[in-house]
Amino acid sequence: MAAQEQQQESVAEFQHGIFGCFDDLTTCLLSTFIPCIPLYKTSVKVNQETWGKVLVIIFIAIIVIQSIQSSVIAAIGSNSTGSIISGIMSLIILACLVIFLYYRVLLRVKVRGSKGIAGTAFQDCCLVFWCDCCTIAQESMEVSEGDITRV
């Protein structure tokens, strides 16, 4: 019984809650409007700079593809060619979003692991999917406070 209590006490928690993004207004605003910056900084701090680059590139690609898709629809219209092009671009955006989600979950798992925080990949996936701005801010504040255990 005492071993279980010790094990439960040794499990760390995030220093800021999922909606604790307002604890640091700068991080909150960056995470909401320019998430590439805190994502990249967090990935560098947990020794995953490549993941940070992938996340930034995919984020920018999604924005560019959506802009192109809107322009194509405006130029071509809703005829069959425009619909096919729009459908293909939508599939590309969907693929980018799936890859982005995958790397976001990996990054969150890495942050949790480096800080000894309990949780599951499923929980991380749900949080990233439904509240990504908050998780970006939470992870950014977590790695900027205290030392990171390199894993």
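**Stop 1: the whole chain**

The chain has seven helices and zero strands. Read from the N terminus, the order of elements is α-α-α-α-α-α-α. Of the 151 residues, 37% are buried.

**Stop 2: colour by confidence**

Colour the chain by pLDDT. The chain has a mean of 84, and 88% of its residues reach 70 or more. Where is confidence lowest, and where is it highest? Helix H1 (residues 2-10) has the lowest mean, 48, while H6 has the highest, 94. Next select residues 5-9. Their pLDDT is below 50, and the stretch has zero contacts in the model beyond near neighbours in sequence. Where pLDDT is low, the predicted coordinates should not be read in detail.

**Stop 3**

Select Phe22, Leu25, Leu29, Phe33, Ile34 and Ile37. Together these residues make a nonpolar surface patch of about 650 Å². Which helix gives the largest share of the patch? Helix H2 (residues 25-33) does, with three residues. Pick out leucine 25, which lies in helix H2. Leucine 25 has a relative accessibility of 53%, so it counts as exposed, the cut-off being over 50%.

**Stop 4: aromatic pairs**

Hide the surface and show the side chains of the aromatic residues. The structure holds four aromatic pairs. Select phenylalanine 59 and phenylalanine 100 to see one of them. The ring centres of phenylalanine 59 and phenylalanine 100 are 6.3 Å apart and the planes are at 40 degrees, so this pair is tilted. Phenylalanine 59 belongs to helix H4 (residues 49-76) and phenylalanine 100 to helix H5 (residues 80-115), so the pair ties together parts that are 41 residues apart in sequence. Are the two residues buried or exposed? Phenylalanine 59 is partly exposed, at a relative accessible area of 24%. Phenylalanine 100 counts as buried, at 11% relative accessibility.

Now select tyrosine 102 and tyrosine 103. The centres of these two rings are 5.4 Å apart and their planes are at 80 degrees, so the pair is edge-to-face.

**Stop 5: aspartate 124**

Go to helix H6 (residues 121-130) and select aspartate 124. Aspartate 124 is buried, with a relative accessible area of 2%. Which residues does aspartate 124 touch, leaving out those up to four places away in sequence? They are Val105, Arg108, Val109 and Arg112.

Side chains of opposite charge can pair when their charged atoms come close. Show arginine 108 next. Aspartate 124 forms a salt bridge with arginine 108, with 3.2 Å between the closest N and O atoms. This pair links distant parts of the chain, since aspartate 124 is in helix H6 and arginine 108 is in helix H5, 16 residues apart. Arginine 108 is also buried, with a relative accessible area of 2%.

Then show arginine 112. Aspartate 124 forms a salt bridge with arginine 112 as well, and here the closest N and O atoms are 2.8 Å apart. Aspartate 124 lies in helix H6 and arginine 112 in helix H5, so the pair ties together parts that are 12 residues apart in sequence. Arginine 112 counts as buried at 8% relative accessibility.

**Stop 6**

Arginine 108 in helix H5 and glutamate 139 in helix H7 (residues 132-144) are 31 residues apart, and the pair links distant parts of the chain. Both residues, arginine 108 and glutamate 139, are buried.

How many salt bridges does the structure hold? The structure holds six.

Technical notes. Residues numbered from 1 in each chain as written. Heavy atoms only, no water. Patch = residues over 30% accessible without salt bridge, like charges linked within 9 Å, V, L, I, M, F, W, Y side chains within 5 Å. Areas by Shrake-Rupley, 256 points an atom, 1.4 Å probe, with all protein chains shown as cover. Salt bridge = Lys/Arg side-chain N within 4 Å of Asp/Glu carboxyl O. Helix = DSSP H or I, 4+ residues; strand = E, 2+ residues; numbered from the N terminus. Buried < 20%, exposed > 50% of the residue type's maximum accessible area, 1.4 Å probe, protein only. Contact = heavy atoms within 4.5 Å. pLDDT = per-residue confidence, 0-100. Phe/Tyr/Trp six-rings, centres within 6.5 Å; stacked < 30°, edge-to-face > 60°.
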